[in-house]
Amino acid sequence: MSNDIKISIRNLHKSFGKKNVLNGVDLDLYKGESLVVIGGSGTGKSVLIKCIQGLLTPDSGSIKIDGVEVVKENSDIIESMHSKMGMLFQGGALFDSLTVWENVAFDLIQNRKISKKEAKIVAIKVLRQVGLGADIADLYPSELSGGMQKRVGLARAVITRPEIIFFDEPTTGLDPIMADVINDLIIESAKDLGATTLTITHDMTSARKIADKIAMLYQGKIIWTGSVKELEKTDNPYVRQFIQGSSKGPIAVEK
Amino acid sequence: MIINFVETFLRTLGKPLVKFLASLGDLTAFVIKSIYHCFVPPFYFKLFFKQLLDIGFYSLPVVGLTTLFAGMVIALQTYSGFSGFKAESVIASVVLISVTRELAPVLSALMVAGRIGAAMTAEIGTMRVTEQIDALVTLSTNPFKYLVAPRLWAGLLVLPVLVFIGDIIGIFGGYIVGIYKLGFNPANYITATFEDLQIIGIVSGLVKAAVFGFIISMMGCYHGYKSKGGAQGVGNATTNAVVSSSILILIFNYLITEMFFSR
C-alpha cells in the first residue's frame, strides 16, 4: 500500500512570526486520487500547498513526494520535483508580459528545448482542450475575462503532463456556470493524465464534485478526512458547521 | 527604578536596531544569492538584451539632457568665480574634471535610479503579489536567473556606456557656453580640454557608473522581490527602492572617490 502513496506529509509546522499557521499537519495522498482540502479563509490551506511545492520552507515536519524527502533538502531536489508538478493559481498568475500561447508553452520553451513553432502548435492544442479557440492565442492575459484566464492557467499547468496537479481555489471569483465548467475541466484533465490532484477550496459544490477524498483543515491541523458520502453523514460538529455554512457552531469566527 | 528606566530605554532602542539588522541580513543574503545566480546557467540572453534596451537606450535622452545642462552650468559658474584668472584653460579643465569624475556618473545614476529602479520594483513587485513569481518556480524556472540576473548584468554593463556618452555631451555643454556665451576661442578651448584629459578621471567615473548600475538594479530587484500586500505594498517598495538606491549611490560615490584619489 505504501508504494501507492504519492505525497506523504507528517507533523508539518509553519508559523509566521507568532502566528502558528500549520500546527502539525498529517496527510497522505494516494496515486491517482483527487484530494480536496476544505477550510475557512486564513486557515493555512494556501500555506500547505506552498510548503509542498517548496515555495515556502516549513519550520519542521516531513513532506515526501514519491518517497523522497523534500523539506530542508538542497534546492536541486525540489527543482527536479517541479517538472512533475503543475499548479493552477487562484488569480491565474499568468505572466502579463507574455501572450496567451507563450504563457501556456512557457515550460516547453524555457526548459524542454522545444522550438517556438512546435511549442505554439502544442499550446493551441491544449488551449482547445480547455475550450479556448486559437484566436485568443496571440492576445495578452489582461485582455481575457476571469474565467478565460483560469482556463489558460489550467492549460499552462497541464501542458507538461504532470503527475501531480495543485489547484488553489479554482472556482473562486467565477459565476456558478463557469465554476462548473472549470470543475469539469479539472476532472477531465486529471483523468486524462492519470494525475494525482490536490485542491484547496471553500466552495463546497466544487469540493463535492471533484473530490475522491475530502480533508478539513482547522487551526493548523487536519481534523477530519473521508469520502464525499462520509462527509454528508458525519457528525463531526466542525465539518457540519462548515458544509452547512452556518455562523453558529464550534468554529469561532475571527473578529 | 533606575533598572526599569534603563530597561525601557534599551528596549525602545533595541527593537528598531534588531529590525534594522534583520533587514540588513536579509538584503545581504539576497545579494549573495543574486550574484551566485548571475554566474550559473541557464542564462536568459533575450531578457538581458531587453533590459539593455530599457536601462540603456531609452535612458539616453534623460542622461543626455542632464549632463548637457550640468556641463553648461559648470562653465557659467566657473567663469563667474574665476573670471580674474586665465579663464579659457581653467574653465575647460574644471568642466572636464567635474563632468567626468562627478557630475556625469552621479547625476546620470540618480536619473536612471528614478526612471528604471522604480519601474523595476513596480514590475517585479506586481509579479510577486499576483503570484507570478511563484508561478515561475512551479514552471521549473528560477526567478533569480530569470528576473534578477539579466537586470543586474544589464545595469552593471550599460551604465558605463551611458556615462561615457554623458561625459562627451557634458563637455560639449561646457564648450557651447564657453564659445557662444563667454566668447572663447574654440581652438584654444579644445586644446585646453585635451591637455587636461586624464585617464584616471574618466576611468574612475566609469567604475563609479558600473557600481551605480549594479546598485540600481539590485535595489530595484530586492524591493520588488520582497514586496507584499497588494498595490500599497508595491507602492511603498517602489519608494524604498528609489530612496535607498539614491542614498547608496551618494555613499558609494564618496567611497570610490576616496579609493581613487586619496593617498
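Read along its sequence, chain B runs α-α-α-α-α-α-α-α-α, which comes to nine helices and zero strands. Helices here are DSSP runs of H or I with at least four residues, strands are runs of E with at least two, and both are numbered from the N terminus. This is a predicted model, where local features need pLDDT of at least 70, side-chain atom pairs count only at pLDDT 80 or more, and totals for chains, interfaces and linings use all residues. Residues are numbered from 1 along each chain as its sequence is written, with chains lettered from A and ligands numbered from 1 in the order in which they are written.

Staying with chain B, its C-alpha atoms fill a box of roughly 65 × 60 × 35 Å along the principal axes. Of its 263 residues, 43% are buried; that label takes 20 or more other C-beta atoms within 10 Å of a residue's own, while 12 or fewer makes it exposed and anything in between partly exposed, with C-beta atoms placed from the backbone. Among contacts in chain B with a separation of 6 or more, 89% are between residues 24 or more positions apart. A contact means that two C-beta atoms, placed from the backbone, lie within 7 Å.

| Helix pair | Angle | Axis separation |
|---|---|---|
| α4 (residues 87-129) and α8 (residues 199-225) of chain B | about 15° | 8 Å |
| α1 (residues 2-39) of chain B and α8(B) | about 115° | 11 Å |

On the α1(B) side, L27(B), F30(B), V31(B) and S34(B) meet M218(B), C221(B) and Y222(B) of α8(B). That contact divides into six nonpolar residues, one polar and no charged. The classes go like this: Ala, Val, Leu, Ile, Met, Phe, Trp, Tyr, Cys and Pro are nonpolar, Asp, Glu, Lys and Arg are charged, and the others, Gly among them, are polar. The contact of α4(B) with α8(B) has 16 nonpolar, 11 polar and four charged residues.

A cis peptide bond, omega about 5°, joins P41(B) and P42(B). P42(B) sits in the loop between α1 and α2 (45-56) of chain B.

Over to chain A, which splits into domain 1 (1-84 + 164-173 + 195-255) and domain 2 (91-161), bounds that come from an automatic or database domain assignment. Their centres, taken over C-alpha atoms, are 27 Å apart.

Where the chains meet, 15 residues of chain A contact 10 residues of chain B. On the chain A side, α4(A) gives the largest share, four residues.

Most residues other than glycine have a negative phi. D66(A), in the loop between β4 (60-65) and β5 (68-69), is partly exposed because it has 15 C-beta neighbours inside 10 Å. A93(A), in the loop between β6 and α3 (100-104), counts as buried with 24.

Key:
Axes are lines fitted to C-alpha atoms, for helices over the stretch in contact, and angles run from 0 to 180 degrees between N-to-C directions.
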